[in-house]
Amino acid sequence: MNESDAMTQTALEPNDTARQPTSALPSTARVVVIGGGAVGCSVLYHLASMGWADCVLLEKNELTSGSTWHAAGNCPNFVGSWTMMKIQSYSTKLYRELGALVDYPMNYHVTGAIRLAHSRQRMEEFRHVEAMGRQMGVEFQEMSNREMQDIYPFLETHDLYGGQWDPLDGDIDPAQLTQALAKGARDLGAKIVRFCPVTAVEHVQDEWVITTPNGTIRAEYVVNAAGYRAAELGRMFGRDVPCVSLAHQYLITEPIAELTARDTKLPLLRDPDSSYYLRQEKDGLLLGPYEKNCRAHWVDASDPMPDDFSFQLYNDDLERLEWYIEDACARVPLLGTAGITRVVNGPIPYAPDGLPLIGPMPGVPNAFEACVFTFGIVQAGGAGRLLAEMIVEGETESDSWAVDPRRFTDHVDQAYTTAKAIETYSHEYAMHFPQIQWPAGRKAKLSPLYDRLAAAGAEFGSYGGWERADWFPKNDADRRPADSYDRQHWFNTVGEECRHVAAHAGILELTGFSRFHLKGDGAADWLASLVTGNLPRVGRIGLVYFASAKGKVLTEMSATRLAEDEFLLITGAGAYWHDRDLLNGYLPDTSDITLTDTTRDYATLLVTGPKSPAIIAAASGLSTAQADFPWLSHQSCQIAGCRVTAIRVSFAGEAGWEIHCDMADVVAVYDAVMAAGAPHQLGHFGMLALDSMRLEKGYRSWKSDLTSDYTMLESGLGRWVKFDKDDFVGRAALQAEHQAGSQRQFVTLTLDDPVDGNADPFGEAVYLSVVQCDGVDAGLVVSSGYGHRVNKSIAMAVIDKDKLASANQITVTVLGRPRAAHLVPTHVVYDPNNEKLRG
Ligand SMILES: Cc1cc2nc3c(=O)[nH]c(=O)nc-3n(C[C@H](O)[C@H](O)[C@H](O)COP(=O)(O)OP(=O)(O)OC[C@H]3O[C@@H](n4cnc5c(N)ncnc54)[C@H](O)[C@@H]3O)c2cc1C
C-alpha cells in the first residue's frame, strides 16, 4: 500500500446551517435528552415509541456532529458479554426494520462477518459465544479455513485455526441511522431543537431547569447523551463522568478492480488476534485497527477540549498503525495493492472498561446517562430501548449492571479512567480469561493492612477498587497467569488454601464492604417495608433482599441489628453506589431516620475454620465459651486493646467470625489475631479460595447469581420472601408469580470431570455457560467454579422449569463441550447440615 497517497485530513467545514435554534424551545418537557448523536436520537425515539411523546432533544450543533458522523458504522452481534449481546442484537434487528418503520430508507449492508482464530483458545471463545448467542436467537457458525476462503477468496488462511461466521453483521450509514431515529421520534410527537447547547442545569423543587442561550426548559427527567462531551455536561450536575476521548483511526483505499468486478459486497473481516477490522467501502477497503499505545486527548489543562469540535477530526497519525497495516496486507494481500485515499481519525469516548454508561446518574435524582459509547452505532438501538424502559417503567426487562454508571465509584478519577481506557482500547478484541484482572488503575483503594499482606506474598485482585488478596503464591514464578480458559496454575494452591481452612483456620481481609449505618425512630418499619423477608432480632444478623416492583432481585445486604431501630447494613464492595442510591431513593424526606455511609471508616477480617473459636478466644481474652457465641449473632469485644465487633458468620462455610474494627486499628488487630493463631496453624487464604468455598455452600454472589434478570422466586430465594408480612416492594408481583408458578427455576449442579481439557464452567459477568436438558438449551449458568473441598466443578443456573421437569439428562456446555451435570437437590454440596459452620 502506498501510504504517501494518504490525504492529510483537515477539519470538515461545520455545517452551514444557521447557528440559531432550528425550532422554538418549548418551556417544559417530560424528558430532556441532551445530545443529538445516534444514541440521543435513539433514546428519544424509544421514549416516544413507549408513549412518552412529550420529550425534547437539545443538540449543541447539528445532529450527528459529535462522533457519529465519522463512524465506520460496523454493526456486530458478537460480543463477550450477555448484556451487550442483548443490546447489540436488538439494535441489528431494529436497523433491519427501521427504514420501513419510520419511512426513511437507509444504507444498511448486512454482509455477514468472518472472525479469524489464531489459536485454540480463540476457537474456544467462539464456541462459547456461539452457545450464548443461541440463547437470544443470534446464530453464529464455526468455519473451517476452506469455508472462509470460499466466501472470502482474498484471505490467507495457512496459519489459522478456523473462524466464525455471523450472518447478521454488516455496516450502516451512521448519519442516516441517526436521521431515521430522529424522524421516527418527530413523527411520534417528540421535538428536536438543534444549535441549542445546554450551558447549565439546576434541580429546583423536583424539576430540572435546563439553561441554553435560547432560554430555559423545565423537565421531570434529564438524559446526558453528550458523547465525548459527557464529562463536561456531567460537571453541570456535579458529577464526574468517567470518560476519556481516545483517537481511533480507520483508513480507506482507492477502488480495487477485483472488488469492482464482484457483484456482491465482501463480508466484514475481523482479526481479533491481530486487532483490526477490515471491510469493503464502496469498491475499496476500510481498515480500522485497535492499536497498542493509542493516544488520549483532552485529559488535562495543557490540552483543553475545544468549545466546539463539531464535524472535526484529529490529524491523521498512520505511524501508530504501521504494524497493523502490514499485518492486514499479509492476511489480505489485495489490500496492499491499493493506495490510501482517506484517513479518519476521530474522538472515540471510552469509559474505563470500554462499556457505555446507560442508567441512573449516580447520586443525582431523576437524571440518567446514555453516554461514553465506544460502539455507539451498533449499541444505539439497544441502549435507547434500555434507557427508555428504565425511565418509563422504572426498571428494565433484563439486568443492565454491565453498563450501569454506578459500577464506577469514588476511586475513579481522570487518571484512573485514562489508564484503564488505554488498556481496554489496546485489548479491545482480547479474550477475557476467568479470574484474571488487567494491571492498569490498580491500588486505587488500599487498606492499612496492604503492606502486611503484600509481605506475606499476596497476589491481589481489585474489588470495587479495593485491593484484596486473591491467593498466596508459593513462589514468584507462579504469579504470571496463562492466557487460557483452562484451570490456571494457581488451581492447586487455591485448593490447598481451601483445605487448610477446612482443617485448621484461615484469615482473609475483606476491607471495602459498603456499610450504611441506619438509625432513628421508625427505621425498622421503614426497612421492613423495603425488604422481602423478616428483619433479624436485636443482637442478631440476617440477610435481607430488596426486590423491584416486578419482584426481580435488586440487592442483598447483611443486616446486623444493633438496637430496635438501629442497623448496620453491609453489602459488597462493588455495590457501593448502587446500594447507596437505592437506600437514599427510598429515604423519606421528613423523618428521624438517618443513613450514614461508613464504608471508609471500618475494616473487616474473616477468621474461619475449626480452630477459629480458640483463636478468637485467645486474641480477645474471652473464654472459649464466651467467644463461642451463637451462629448469626454478634458481640463487642477487645482485640489488641481495640474495640471490635465480632459477627458469627463465615462465607466460607466453616466456623467463623467477621471482625469489624476501625480502619486505623486493623494492623494491630491483625497482628494480635496472627499471634493468637500461630499455635493453631492460622494461615492466609484469598478471594479465589473464598469463592470456591461459598459455591460449595450454595451462598450467593451479587451480580453473578443475584441479578435483576430473575425474580426472587426464580433465583431460589423463596425462603426470604414472606408473604405473611405487611406490604413490601415487589410483593404483588411475587404473590402473582407464586400463585401462577414460576417459569424458571434455580438449580445447583455438579459436573462430571471433563473428558477433554480441564476448564470449569464460568458464569460470571463476561461469558455465561449454557445448560441443556436432553440436548435442548434450557438456561444459563449464573455462577460457577471448582469446589476444592468436595473435588467437583459446581454450577448454579437458572433454567426453564418445564424442560427440567421432563429432562433425562442435563449437560452444561463449557467452551462448546457438553459436560454431564447432576442436580443437587439441597443446593449445598459441602456440609449440608451446617455442622461445621456452627462449630
Ligand atoms: C474512527 C471511528 C470509527 C468508529 N466506528 C464505529 C463503528 O464501526 N461502529 C460503532 O458502533 N461505533 C463506531 N465508532 C464509535 C461511534 O462513533 C460512537 O460510539 C458514537 O457515535 C457515539 O454516539 P453518541 O450519540 O453517544 O455521541 P455523539 O455522536 O458524539 O453525540 C453527542 C452529541 O451531543 C452533543 N452535545 C455535547 N454537549 C452538548 C451540550 N452541552 N448541549 C447540547 N448538545 C451537546 C454533541 O454536539 C453531539 O452531537 C467509531 C468512532 C470513531 C472515532
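Predicted model: local features only at pLDDT ≥ 70, side-chain atom pairs only at ≥ 80, totals over all residues.
## The barrel

Six strands form a closed barrel. Their order is E33-E36-E35-E34-E37-E38. The pairing is antiparallel. From one strand to the next, the twist averages 40°.

Helix H18, residues 687–697, packs on the sheet.

## Strands E34 and E37

Strand E34 spans residues 770–773, and strand E37 spans residues 810–814. The two run antiparallel. Four bridges join them. Val770 stands opposite Thr813 in E37.

## Two residues with positive phi

Phe195 is not a glycine, yet its phi is positive, at about 50°. Where is Phe195 found? It is in the loop between strand E8 (191–193) and strand E9 (200–204). Is Phe195 buried or exposed? Its relative accessible area is 3%. Buried means under 20%, so Phe195 counts as buried.

Asn293 also has a positive phi, of about 55°, although it is not a glycine. Asn293 is found in the loop between strand E15 (284–289) and strand E16 (296–297). The relative accessible area of Asn293 is 65%. Exposed means over 50%, so Asn293 counts as exposed.

## Side by side

Both residues are in loops between strands, Phe195 between E8 and E9 and Asn293 between E15 and E16. Phe195 is buried, whereas Asn293 is exposed.

Terms used. Residues numbered from 1 in each chain as written. Heavy atoms only, no water. Pairing = 2+ DSSP bridges. Axes fitted to C-alpha atoms, helices over the stretch in contact; angles between N-to-C directions. Contact = heavy atoms within 4.5 Å. Buried < 20%, exposed > 50% of the residue type's maximum accessible area, 1.4 Å probe, protein only.
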